[in-house]
Amino acid sequence: MEGGFPGSNPKDEELFASLEKQPLQRARLAAFGATRRANGRCEDDANLAALTKSAAPVWTLVGKSDSWQVSTVLQTTNNENLAMVEESVAYGKSLGRELIFDAEHFFDGFARDSEYAVEVCLTAARAGAAWVVLCDTNGGSQPAEIRRGVEAALRAIESAGLDTRVGIHTHNDCELAVANTLEGVLAGAEMVQGTINGYGERCGNANLVSVVSNLVLKLGYHALPDTSVARFSELSRMVAEIANLALPLQQPFVGHGAFAHKGGQHVAAVLKHKDSYQHIDPSVVGNEARVLVSELSGRGNVLAKAREFGLELDRDDPQTRWLVQHLKELEHRGYSYEAADASFEMLVRRLQPGYVAPWTVADFTTHVRKNGVSVNAEATVQVEVGGTVYHTAATGNGPVNALDAALRKALSPSFPGLSGVTLHDYKVRILDGDAGTAATTRVLIESGQGLKRWTTVGCSSNIIEASLLALIDSLEYAQQV
């Protein structure tokens, strides 16, 4: 578990200090750093001193393995670079650390000067590195090039009689990080470096969720226990939440749309057998199959989607036929339920016999006023709850925020649980741009409570009304679940 770069910033220093007091239970902590500076001494190197201070049991040292990088970027000689690698690895080894040597730009260097690239790896291995990790630092290599490089490094290490093991580190600049990592493993690499969801600079690193899912489920490797793989969706979404980044719906294996079915023919087939349009059982990675409803939907989509919500509809019931047609009409008017499951659920629930809405919004107004440099928004709403009309007002940093605050203010006495509902995303799409400022607007609101997330949609030529419709669906859905 590579914790960061000690000495580079206070946050990383705090992390290592904290983990020294409370060590990891199942993983070994690694501190990242570089080989000593050219023409310097390890004992005087600030970077190596920070690694030592971190008390991490594992050092990951990065060093150049491309002769062009050595001369152009480091501006030193090939021999001095070899000395930097040898002395830095030996220094860490003398302090009792486990050494991982990251051979930076290895595959570019191998293409330019394979003999030197391999010699750098051998130098690290002879100096005591437990691992030599071959890096596709610029992310430009193809799978065949990865295989050739890994096999060459393995042959050289074996011929030298060394027990150093080989790893693989890839970047996603050509959308090949996962494929190249798998190719590296198939060629003999035994360590994979990557990140959850592939987060990393430029186009990202190898996505460990996809890499391990493929290794375990497709290639039969015992990379992690099945019980760990079954938590991948939870893990992926939690890391996305911590990073404050939206996880793509179509993220392989773990995205909410990874096992989603939309076309009527697809859904009809899935209803006959779940494996007709999925490559694995979604539950093995902690995911689940979903049916989408859109203008392509038939009755099978609607029936299956309602079943997800615990609602049983009769296929031959005229109301079911009407619902399918009504959905198509709503889609034509601008609604899109494909990414708004909560709004679709509320649409179906409201059609059920005996359903009574917990509240009704009777009226609303919004005002936006600029006073000097500040802009203020105010909203008022009239909400009927159980025969009682509540008239409330609130301010906000914009009309939608003020409307949300006024609506919650009216509902909170009767529905205190809504206080935990938070807004996570707000998206606006103009559907008919030719109409200019009178265009139809679709608003998608992603809300949440704890780890649960849901999305609602509103559609109107008035953006405030569209937002209110999505807000009402969101809060009513939260009250139902």
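## First look

I began with the overall build, and I counted 17 helices and 14 strands in the protein. I kept in mind that this is a predicted model. Of the 481 residues in the protein, 46% are buried. I then checked the contacts with a separation of 6 or more, and 61% of them are between residues 24 or more positions apart. The protein exposes about 23,900 Å², with 50% of that supplied by carbon and sulfur atoms.

## Helix α16

Next I picked helix α16, which covers residues 399-411.

Then I asked myself which residues of α16 are buried. They are V400, A402, L403, D404, A406, L407, A410 and L411. I remembered that an α-helix has 3.6 residues a turn, so residues three or four places apart point the same way. What covers these buried residues includes the strands β9 (360-371), β10 (374-385), β11 (388-396) and β12, along with helix α17 (463-480).

Which strand gives the most to the patch? It is β12 (residues 422-430), with four residues. I looked up I430, which is found in β12, and noted that it counts as partly exposed because its relative accessibility is 48%.

## Aromatic rings

My last stop was the aromatic pairs, and the structure holds six of them. In one of them, F106 and F107, the ring centres are 5.1 Å apart and the planes are at 85°, so I wrote the pair down as edge-to-face. Both F106 and F107 are buried. F106, F107 and F110 form one aromatic cluster.

I also noted W454 and Y477, a tilted pair with 5.4 Å from centre to centre and 50° between the planes. W454 lies in strand β14 (residues 452-460) and Y477 in helix α17, so the pair ties together parts 23 residues apart in sequence. Are these two buried or exposed? W454 counts as buried because its relative accessibility is 4%, and Y477 is buried too, with a relative accessible area of 8%.

Terms used: Residues are numbered from 1 along each chain as its sequence is written. This is a predicted model: local features need pLDDT of at least 70, side-chain atom pairs count only at pLDDT 80 or more; totals for chains, interfaces and linings use all residues. Side-chain values use heavy atoms; hydrogens and water are left out. Helices (H or I, at least four residues) and strands (E, at least two) are DSSP runs, numbered from the N terminus. Buried means under 20% relative accessible area, exposed over 50%, partly exposed in between (1.4 Å probe, protein chains only). The expected span of a helix is 1.5 Å times one less than its number of residues. Contact means heavy atoms within 4.5 Å. Accessible areas come from the Shrake-Rupley method with a 1.4 Å probe; for residues, only the protein chains shown count as cover. Rings of Phe, Tyr and Trp (its six-membered ring) pair if their centres lie within 6.5 Å; planes under 30 degrees apart count as stacked, over 60 as edge-to-face and the rest as tilted.
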